[in-house]
Amino acid sequence: MNAKKHLFFALFVMCATAAFADVTRVFHDSQGRPLEATFIKIEGDMVYLQVVATGQTVPVPIARLSVEDQTLVKTLVPATNANALTSLATNASAAEAAAKIDQLVAAGLAQHGVKANPLMSDEQFVRRVFLDIAGRIPNYDETTAFLKKAGSDRTARAQLIDELLASEGYVSNMYNYFAEMLRVKDRVDGGGGNLVRGLPYIQWIKDQMSKNTPWDRMVYAMLSADGKIWNNGATGYLLRDAGMPLDNLANTLSVFLGTDVACAQCHDHPFANWTQRQFYEMAAFFGSTTTRLNGRDYDRRKLTAEVNSLMESSGINLTENRNLTQQVNNLIGANSYAVRDLPENRTKLPPDYRYKDGKAGDPILPKLIHWVPPDKQLKDVLRDDEHNPAYKLAAEVEKKSAAVKKTSKINPSPTTKQSKAAGEMNENLRSIFAAWTTHPSNPRFAMTIANRMWARAMGLSLTANKSVVDNPDDAYNPPLIKHLAKEMVRVKFNLKEFLRIVYNTQTYQRESTTDALAMGEPYYFQGPVLRRMTAEQAWDSYMTLVLGNQIDKIKSNEVDLYGRSVDIDLSNPKLDAKTVLLKVDAVQKIGAKQRAKFGGGLSMAGQEPGETDSMKIATFDGMKLMRASELEQPAPAGHFLREFGQSERILIDGGVKSGSVPQVLMMMNGRAQQMLTNHDSLINREIARQATPEKKVEVIFLSILNRLPTAREQDIAKKTISDQGESDGLVAIIWALINTREFCFVQ
Amino acid sequence: MSNPFLKLDPASRREFMLGTARTALGVSVLSHFDRAFGASAPVPSGVGGKAKSVIYLYMAGGMTHIDTWDPKTGDTKGAKDAIKAKGGFELGGYMTEMAKVGDKFSIVRSMSSKTGVHEAGTYVMHTGYDPRGTIVHPTLGSWAQHFLGRSHKTLPSSVVIGAGEANAGFFPPALAPVPISSPDAGLQNAHSTVDEDTFKKRISLMNEFDSAFREKFKSGDVKAYTEFYDETMNLLTSSDLQAFSLSGVDSATKDLYGTGGFSRGCMLASRLVQSGVRFVEVRLGGWDMHAGVDQAMGRTGAEMDKGFAALITDLKNKGLLDSTLIVMGSEFGRTPRINENGGRDHYPKAYSTVFAGGGIKGGYVHGSTDKDGKEVTDKQVTVQDFIATVGAAMGLPIAQAVMSPSGRPFTVGDKGKAITELFA
């Protein structure tokens, strides 16, 4: 719907409803300036007025109105069409949606007397938007092409946003974000055996990003997935914490629902309202879930004995080949990890439970939490939730399970029918929890992901802690966070669309705030905040300098090979020893196949991969030259990524953006730095093509900082070249720019 | 919820703390909050506090207690007979060098832990806490830096030799130990590929190109980075860097340690401590002796024996033993029963740790196990007590709760009790 249609629609609604309660009059601001408008509603400190001249509804901080009008608006009844006028049309364009966000930001800034930052330059834009969407800096060609276009085409920025959102870089960058949030690792088994590879889960996340699966469906899939990881990658979410269901739940509530209940795992939450009992009631939704096959599913001892005797009869000495028997054990072990639900719920209060509402060992029935605004009585909230469709399914379960409990008290040996009913219910608990979590009406689900995506773009979330949105009225801009949550629902959890809107806002396209932000002080988004590159952005930017945009095509995909090689069906009574040994052999061969993929050198960088299958992946001094998303998860200790703060993938959002002495040593003297100053790297070959030293310096600046050098910088460069000679001088300039704060901070 | 600090998300808090920690030279702001959350209940007066530095010898894989510090005579004895040590107690037959300096260390024979898994055992023996999916606990070097500040102007306050990685737990990364992969390689990336003159020119070029950006963005993060560059330059250009190199060690000392990797790690640890590093961990692997304990002890056991004894002698010669605590630990002991492969398996129920120097008695044995080494029979010591003892030896306020960025209280050694009998 275009703006004109909006206006007609608004006028139509106005005419239709004006006769009832709506007040259209001349309002005055605190400086006496008049504004003819219709009162729409008041929400917190914000008054919504529909301007008669434009038909647009705008938020106005109440303090900005004249004293009389402040008193007046508090007595007015909201317009009957208030909600329709303050939300966007279902099919609003990204530009319209972005404008709405800018309005709310502007209102927040006005309310607190903060001035918006100036709009950013095209040079700043191209660098930031590449880093934010594609996860790397633009290369020389991409930079110059955009700067040329932006000079004449006003839509160049919106076009670049669209192009990048459709690129492979978007998938890689989004994967990195979620891998850090979800603590994704190459080995997913939490039990210590490290037998199951995370590969299928990793690939599954990338596939969802590539297909742009709506966030609600993706989370539903992770929470409700069944089976082995190579048959259903989404099971990786629960297998990641196999054997640690309580930790998993604490993390689930934190990342998907923005509520921090980790404390309540061991005791009542000291600051919030959560009790330990509530935590266990939530845990009960996973109380029937198991991540391992057990003795009832297959006879491990018998299978191992058969394999051992087959090996011995083939002349293999088992005591001398402990490695082989170990691999048989590992294969069987890996195949014993599968997510499924059993008929009985094992959730009980822990042995050290010390509150009055239960005893250690008491069985616990599943029950959902409610967010209680501090000013509301519990019963009001519960009444609200009765009408909240997100709670509907679970409410039935709560009723049913209470009935089952009652029956079992009266009759300790329930009938087959009763226990069958209870069993069926238990087997469905996880899907019910998933449905509640991801429901558009869940009080926090949409808001949590909207707040996270906002933080990705702006460098700061709307709440002091991005993992806690328990009280949206504590947010820096409460109307904005509520609006973003509604927007997330309006775009049906389409993350790409949501990000498109955010990147198209003026707020995003302003300069970064230059002042130091005081700890804990509210921030009103006068622009994004300055932030250091993530480890992945830094590494992928290095790769861009060395390999160009070819890095987006290099993949180390072996997920199907892994699944095919490792899978055996332990519950099949016909599984024989020979099959097991064939699989062990297949698993051993994966490593060799993988190693054969590497071997290209720096000099091939920048070439178009003709046949990707036969192309070797380049290495430099033992480093695999690929995007961070294609390397080990996380990268091994000592790797550039880890020194630069890549998450160990133990804690949610565990990446670190601060410096350290070892990190600086690496930036100054490490292998990655040597690679950039190597003559075969793409940037150096690009330089070699240029005729004059000035042009060469320009290429270096445009490649590394994505801007032209200033006259002063050209002078410094000239002096360096005359002092050290052209070859050494240019290398010194590259070295110096890579080590600047300007390189590693995103403006 | 009135404390705005608690509302920040952990990443912001980490970054904030880093900035402040750096301006306060390593004394992090957490201490101010700690005081609000509970006064410290000190260790009994006069106990501990003498260890200015600590060398933690960590035996990765699970050190067999019966073949080392708690020898037995019956069925569980193993291949070698016990030997008599100076100082009055007996040691496993492989500990010939340690026997000669028996009057300079004490043994705790009554350790008992709850986990028989390597990862979890290693974690608890370093942090005092069981691993959790929602937090990473700090190790002792980071705790010490939190309470006491930096131990040296340019050198790091803690170093780990022989382990791939190290982190600061929930403290800012500036408090993380610096990892050294091998004693001969020294500090990673400490050597420039160009000569010193060219290197300095590059640095000043960097500063010139970056001046406009730094002028415009005066955020704490940018400043902190610039300080790290300055600090790194100070380290690279100071003679303190020599502390990481074994090339300057005199030949008599080199002979004392010999050529083993672990021994050389101990030699580097001694050098680092002498130069002002507060906490050094040296790791030795090879203790997971599921098969052939006798052969494995001939290698790993002998290497440990040589390095440990040399370290005691070396520190004594340098006059540093009184101010340096050497402590040896492992994730668990090994089964008294010898299995069909001549090996011993994981055994957390009873095992030993060793303490030397830093105000610790010599020739003392704390606690005991039964005749087979199966059960602790006297003065049981938990992992938490072990960590608390090291903390107390360094004079850390072990009872003082520190709030993590997620707002949860933690102490050095999770409320363990320091073993006061160990202190002289």
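Mentor: Take strand E8(B): B:Thr324, B:Ile326, B:Met328 and B:Ser330 on one side are buried, as are B:Leu325, B:Val327 and B:Gly329 on the other, so both faces are covered. A residue is buried if 20 or more other C-beta atoms, placed from the backbone, lie within 10 Å of its own, exposed if 12 or fewer, and partly exposed in between. This is a predicted model, in which local features need pLDDT of at least 70 and side-chain atom pairs count only at pLDDT 80 or more, while totals for chains, interfaces and linings use all residues. Residues are numbered from 1 along each chain as its sequence is written, with chains lettered from A and ligands numbered from 1 in the order in which they are written.

Trainee: Why is strand E8 of chain B largely enclosed by the rest of the structure?

Mentor: Because 7 of its 7 residues, 324-330, are buried. Strands (E, at least two residues) and helices (H or I, at least four) are DSSP runs, numbered from the N terminus.

Trainee: Which strands are joined to E8(B) by bridges?

Mentor: Two strands pair if DSSP finds at least two bridges between them. E1 (residues 53-59) of chain B runs parallel to E8(B), with 7 bridges; B:Leu57 has B:Met328 as its bridge partner. E11 (residues 351-357) of chain B runs antiparallel, with 4 bridges, and there B:Ala356 partners B:Ile326.

Trainee: How many residues of chain A are in contact with chain B?

Mentor: Contact means C-beta atoms, placed from the backbone, within 7 Å. By that rule, 53 residues of chain A are in contact with 59 residues of chain B. H26(A) gives the most to the chain A side, with 7 residues.

Notes:
Contact = placed C-beta atoms within 7 Å.
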